Amino acid sequence: MNVLAAPFLYTMPSELEAFFCFAKFIEESCPLYVQPTLEGVHRGLKLLDRCLKIVDPELFGYLRMKNLSAEIYAFPSVLTLCACTPPLDQVLMLWDFLLAFGVHLNVLCVIAQLLLIRDEVMSSPSPMRLLRTFPPLEAIPVIGIAVTLVRDLPAELYDELVRHPYEI
C-alpha cells in the first residue's frame, strides 16, 4: 500500500489530506486490490493475459511459449497501478489519466508498456530478464496506446475490465 499512497503524499499539501484521498481512492476505485487475497490484482492479471491475446496474439504466444503469464511478469505493475515504474513525474501523469478515466485502464497501460518494448521482448531468448523491470515510464505514449487498445476489445471483455477492481 505504501507505493499506492506515495503519489498522494507527494502531491497533497498535508498528510491528513493525503490519507483521506488515498483512503477514498482505495474504497471507491479499487477495493478488491487491497483485500488480503488481492482478488482485484489477480483478476487484473488474468484480464491482462486475455486482452494481450486479443490485441497482440503473436506476443502473447511468445510469452506463453516461454512460460510467462502476466502473474509472473506484470504483478508489480498491476498491483501498484504502475507506480513501481519510475520516474515519479511520469507516474503522476499516468495517474491523472487513471483517476480521470478509471483505474481499470491500468491493465491496458501495462500492455501498452509491453508493446513499446515488443521488438526487444520478441527477439530475446530470455524475455523475463527484460520484463523483470520495465524501462522508465513514458506516460504520453503509454496513454495513447492504452486508449487505442480499448476499441480492439470485445464489449463484454471491456465491461469485465471496468468492473474488476471493485465488483465481486
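Reply:

Arginine 43 is partly exposed, with a relative accessible area of 24%; buried means under 20% relative accessible area, exposed over 50%, and partly exposed in between, using a 1.4 Å probe and protein chains only. The model is a predicted one, in which local features need pLDDT of at least 70 and side-chain atom pairs count only at pLDDT 80 or more, while totals for chains, interfaces and linings use all residues. Residues are numbered from 1 along each chain as its sequence is written, and side-chain values use heavy atoms, with hydrogens and water left out.

Arginine 43 lies in helix H3. Helices (H or I, at least four residues) and strands (E, at least two) are DSSP runs, numbered from the N terminus. In helix H3, arginine 43 and glutamate 39 are four residues apart, about one turn of the helix. Their side chains meet in a salt bridge, at 2.7 Å from N to O. The term salt bridge stands for a side-chain nitrogen of Lys or Arg within 4 Å of a carboxyl oxygen of Asp or Glu. Side chains of opposite charge can pair when their charged atoms come close. Glutamate 39 counts as partly exposed, at 28% relative accessibility.

Beyond its sequence neighbours up to four places away, arginine 43 touches Leu32, His164, Glu167 and Ile168; contact means heavy atoms within 4.5 Å. Leucine 32 is eleven residues from arginine 43 in sequence, and their C-alpha atoms are 9.2 Å apart in space.

His164, one of the residues that arginine 43 touches, is also in contact with histidine 104. Histidine 104 is found in the loop between helix H7 (88-101) and helix H8 (106-116). With a relative accessible area of 7%, histidine 104 is buried.

**Helix H3 against helix H4**

Helix H3 covers residues 39-55 and helix H4 residues 57-65; their axes come within 5 Å and cross at roughly 130°. Axes here are lines fitted to C-alpha atoms, for helices over the stretch in contact, and angles run from 0 to 180 degrees between N-to-C directions. H3 and H4 are therefore oblique to each other, given that angles under 35 degrees count as roughly parallel, over 145 as roughly antiparallel, 65 to 115 as roughly perpendicular and the rest as oblique. H3 contributes Asp49, Leu52, Lys53, Ile54 and Val55 to the contact, and H4 contributes Pro57, Leu59, Phe60, Leu63 and Arg64. These residues divide into seven nonpolar, no polar and three charged. For that division, Ala, Val, Leu, Ile, Met, Phe, Trp, Tyr, Cys and Pro count as nonpolar, Asp, Glu, Lys and Arg as charged, and the others, Gly among them, as polar.

Across this contact, the side chains of arginine 64 and aspartate 49 meet in a salt bridge, at 3.4 Å from N to O. The pair links distant parts of the chain, with arginine 64 in helix H4 and aspartate 49 in helix H3, 15 residues apart. Aspartate 49 counts as buried at 10% relative accessibility, whereas arginine 64 counts as partly exposed at 39%.

**Other charge pairs**

The structure holds eight salt bridges. One of them joins the side chains of arginine 163 and aspartate 159, at 3.0 Å from N to O. These two residues are four apart in helix H12 (residues 155-163), and so are separated by about one helical turn. Arginine 163 is partly exposed at 29% relative accessible area, and aspartate 159 is partly exposed at 37%. Elsewhere, salt bridges that share partners join Asp56, Glu58 and Arg118 into one network.

**The annotated stretch**

UniProt, in an unreviewed entry, lists residues 1-102 as "domain: Rab-GAP TBC". UniProt positions are given in the numbering used here, feature names are shortened, and annotations may be inferred rather than shown by experiment. Over residues 1-102 the chain is 73% helix and 0% strand, with its end C-alpha atoms 19 Å apart.
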